[in-house]
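Take a look at the structure below. This short report walks through some of its strands and helices.

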Amino acid sequence: MTIPRLVLGLALAGTLAAQTFIQMSDPQFGMYTKNQGFEHETANFEFAIATANRLKPAFVVVAGDLINQSSNAAQAAEYKRIAAKLDRRIRLFNVAGNHDVENEPTRETLARYRKRFGPDYYTFHVGDIAGFVLDSSLEQHPQNVPEEAARMEAWLRTELAKAQSAGVKHLIVFQHIPFFLTDPEEPDQYFNIPGETRRRYLKLLHEYGVRQVFAGHYHRNSQGRDGDLEMITSGPVGMPLESGKSGLRIATASDSGVSHRYYEFGELPESLTP
């Protein structure tokens, strides 16, 4: 039986979409005006959500700094109002950023985030992808809540082992602060995870075959490698810094690996089809 070309094309498009996701980072409501308003962030995030509805990926990950001021209820409400416009067939996964739980998280800031947005670390499964969402502020500054940081790290090992034993094809980590920007041996700074913790986590990710970590925080794009592990840092939906441009990243998982590209808002594709 010959399959009509249109039907075949639709089948291919559906297969691709099922393995394709959009990573957004740093909508960060309030950053443009230093918490005096968020009109610019509203416009950018509404455009990003409308783009996801048009392109129809399997899921969207917002990689942290949903808002600029962790205690600001109006910023949180605006983020949630716009996020609710995402097509219900597209799954949405939030990631905790340092502005969401503060640079040095406490039990109070973690509790506030969890009440507003849900858990700050968790696993999800979509097709051949297992996603591991981490709270990178617990990696960077665990001093106020060391028990929370230890619990997350132990949890991650358990979840990675489960996914590996189940034969999941793509194990992908999503967090806000990148482990490193370009070099796993780079010096400690605001935009990466401290060296001792970084090395411990990277060893764990290598042990279980993680090949990609997607992050934000930098408000620009950056990429680096640690052997066969790719560190992908994406620019913001919201306010860029220096040479950065507002936009989003589209990634596709296939038998050969995970491919991805960052698109500025003025250069977005018409569709996800080949």
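## Strands, helices and their partners

In strand 10, Gln23 finds its bridge partner, Arg249. This comes from a predicted model. Strand 1 (residues 20-24) and strand 10 (residues 247-254) run antiparallel, joined by four bridges.

Helix 2 and helix 3 (residues 73-83) pack with their axes 9 Å apart, at an angle of about 25°. Angles under 35 degrees count as roughly parallel. Therefore helix 2 is roughly parallel to helix 3. The crossing of helix 2 and helix 3 is right-handed. On the side of helix 2, the contact is made by Thr42, Phe45, Glu46 and Ile49. Helix 3 brings Glu78, Tyr79, Arg81, Ile82 and Ala83. The residues of this contact divide into five nonpolar, one polar and three charged.

Now turn to strand 9 (residues 229-233). Is strand 9 largely enclosed or open to the outside? Five of its five residues are buried, so strand 9 is largely enclosed by the rest of the structure. Leu229, Met231 and Thr233 point one way from strand 9. Glu230 and Ile232 point the other way, and they too are buried.

Strand 9 pairs with strand 7 and with strand 8, as the table shows.

| Pair | Sense | Bridges |
|---|---|---|
| Strand 7 (residues 212-215) and strand 9 | parallel | four bridges |
| Strand 8 (residues 222-226) and strand 9 | antiparallel | five bridges |

Single residues show these pairings up close. Gln212 stands opposite Glu230 in strand 9. Gly224 stands opposite Met231 in strand 9. Strand 8 and strand 9 form a hairpin, with two residues between the strands. In this hairpin, Gly227 takes a positive phi near 65°.

Methods:
Residues are numbered from 1 along each chain as its sequence is written. This is a predicted model: local features need pLDDT of at least 70, side-chain atom pairs count only at pLDDT 80 or more; totals for chains, interfaces and linings use all residues. Side-chain values use heavy atoms; hydrogens and water are left out. Two strands pair if DSSP finds at least two bridges between them. Axes are lines fitted to C-alpha atoms, for helices over the stretch in contact, and angles run from 0 to 180 degrees between N-to-C directions. Angles under 35 degrees count as roughly parallel, over 145 as roughly antiparallel, 65 to 115 as roughly perpendicular and the rest as oblique. A crossing is left-handed if the near helix is turned anticlockwise from the far one by less than a right angle, and right-handed if clockwise. Contact means heavy atoms within 4.5 Å. Ala, Val, Leu, Ile, Met, Phe, Trp, Tyr, Cys and Pro count as nonpolar, Asp, Glu, Lys and Arg as charged, and the others, Gly among them, as polar. Buried means under 20% relative accessible area, exposed over 50%, partly exposed in between (1.4 Å probe, protein chains only).
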